[in-house]
Amino acid sequence: MVGQQITIKPYEPRILAFLCNWCSYSGADGAGKAHLHYEPNVRVIRVMCSGRVDPLFVLKAFERGMDGVMICGCHPGDCHYINGNYRAKARFVLLRKFLSDLGLEQERFRLDWVSASEGARYARLVNEMTNQLRDLGPLTGADRFSPYTYQSLLTPEVGVP
Ligand code: FES
């Protein structure tokens, strides 16, 4: 149409955050209650423990168009299920290497610890990741992360002897 202005929105990254129920979700809640300013780019999924995050959830998030995925749990030694966060850490290290082999930049996938009283820390992590992803730009080739391609590789088989 003649005379109509076309406005192009600047790129804004989309981040999916898996927050453990007992610490990190409360930390995020605390950031909100304290009216701390942080970027609105994060969508939250509350899980009971960071150890609950299946690698396939992460692949699916990237396949569905997320630009970054963040997992937050209780600090080491504070997990309410004793060692869920240690399991999350071990899985994270392997998965990040795997994703890096698929061409994913390391900044797009992170694991961190946030306690219930660390709202400010949560806000800082969100701002930091959002700014890093703004610099990186949108994720391209999301279909290479299809969880169905790697399901058999990443899901341990429960064999019947
Ligand atoms: S309950 Fe928070 S990491 Fe396990």
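The buried residues of helix H4 (residues 119-136) are Gly119, Tyr122, Ala123, Leu125, Val126, Met129, Thr130 and Leu133. Around the axis they cover an arc of only 160 degrees, which puts them on the same side of H4. A residue is buried if 20 or more other C-beta atoms lie within 10 Å of its own, exposed if 12 or fewer, and partly exposed in between, with C-beta atoms placed from the backbone. The arc is that of the directions from the helix axis to the C-beta atoms.

Before going on, some housekeeping. This is a predicted model, where local features need pLDDT of at least 70, side-chain atom pairs count only at pLDDT 80 or more, and totals for chains, interfaces and linings use all residues. Residues are numbered from 1 along each chain as its sequence is written.

**The overall layout**

The protein chain comes to five helices and four strands. Read from the N terminus, its elements run β-α-β-α-β-α-β-α-α. Helices (H or I, at least four residues) and strands (E, at least two) are DSSP runs, numbered from the N terminus. The C-alpha trace spans about 70 × 40 × 20 Å along its principal axes. Of the 161 residues in the protein chain, 36% are buried. Among contacts with a separation of 6 or more, 82% come from residues 24 or more positions apart; a contact means two C-beta atoms, placed from the backbone, within 7 Å.

**The sheet**

The four strands form an open sheet in the order S2-S1-S3-S4, with parallel pairing. Strand S2 (42-47) and S4 stand at the edges with a single partner strand each, so one side of each is left without a neighbour in the sheet. On average, neighbouring strands are turned by 20 degrees against each other, direction ignored. Strand S1 (residues 15-20) and S3 pair in the parallel sense over five bridges, and two strands count as paired if DSSP finds at least two bridges between them. Leu16 stands opposite Val69 in S3. H3 packs on this sheet, touching S3 and S4, and its direction makes about 160 degrees with that of S4.

The expected span below is 1.5 Å times one less than the number of residues in the helix.

| Helix | Residues | First to last C-alpha | Expected span |
|---|---|---|---|
| H3 | 18 residues | 26 Å | 26 Å |
| H4 | 18 residues | 26 Å | 26 Å |

In H3 (residues 84-101), the buried residues are Gly84, Asn85, Ala88, Phe92, Leu95 and Leu99. Looking down the axis of H3, these fall within an arc of 85 degrees, so they line one face of the helix. They pack against helix H2 (55-63), strand S3 (68-73) and strand S4 (109-113). Turned away from that buried side, the other face of H3 carries the exposed residues Ala90, Val93, Leu94, Lys97 and Asp101. After H3 comes Gly103, with a positive phi near 100 degrees.

As for H4, its buried residues pack against S1, H1, S2, S3 and S4. H4 is followed by Gly137, whose phi is positive, near 90 degrees.

**Where H1 meets H4**

How do helix H1 (residues 24-33) and H4 pack, and at what angle? The angle is about 90 degrees, with the axes 7 Å apart. Axes are lines fitted to C-alpha atoms, for helices over the stretch in contact, and angles run from 0 to 180 degrees between N-to-C directions. H1 and H4 are therefore roughly perpendicular to each other. For reference, angles under 35 degrees count as roughly parallel, over 145 as roughly antiparallel, 65 to 115 as roughly perpendicular and the rest as oblique. On the H1 side, Ser24, Gly27, Ala28, Gly30 and Ala31 meet Gly119, Ala120, Arg121, Tyr122 and Ala123 in H4.
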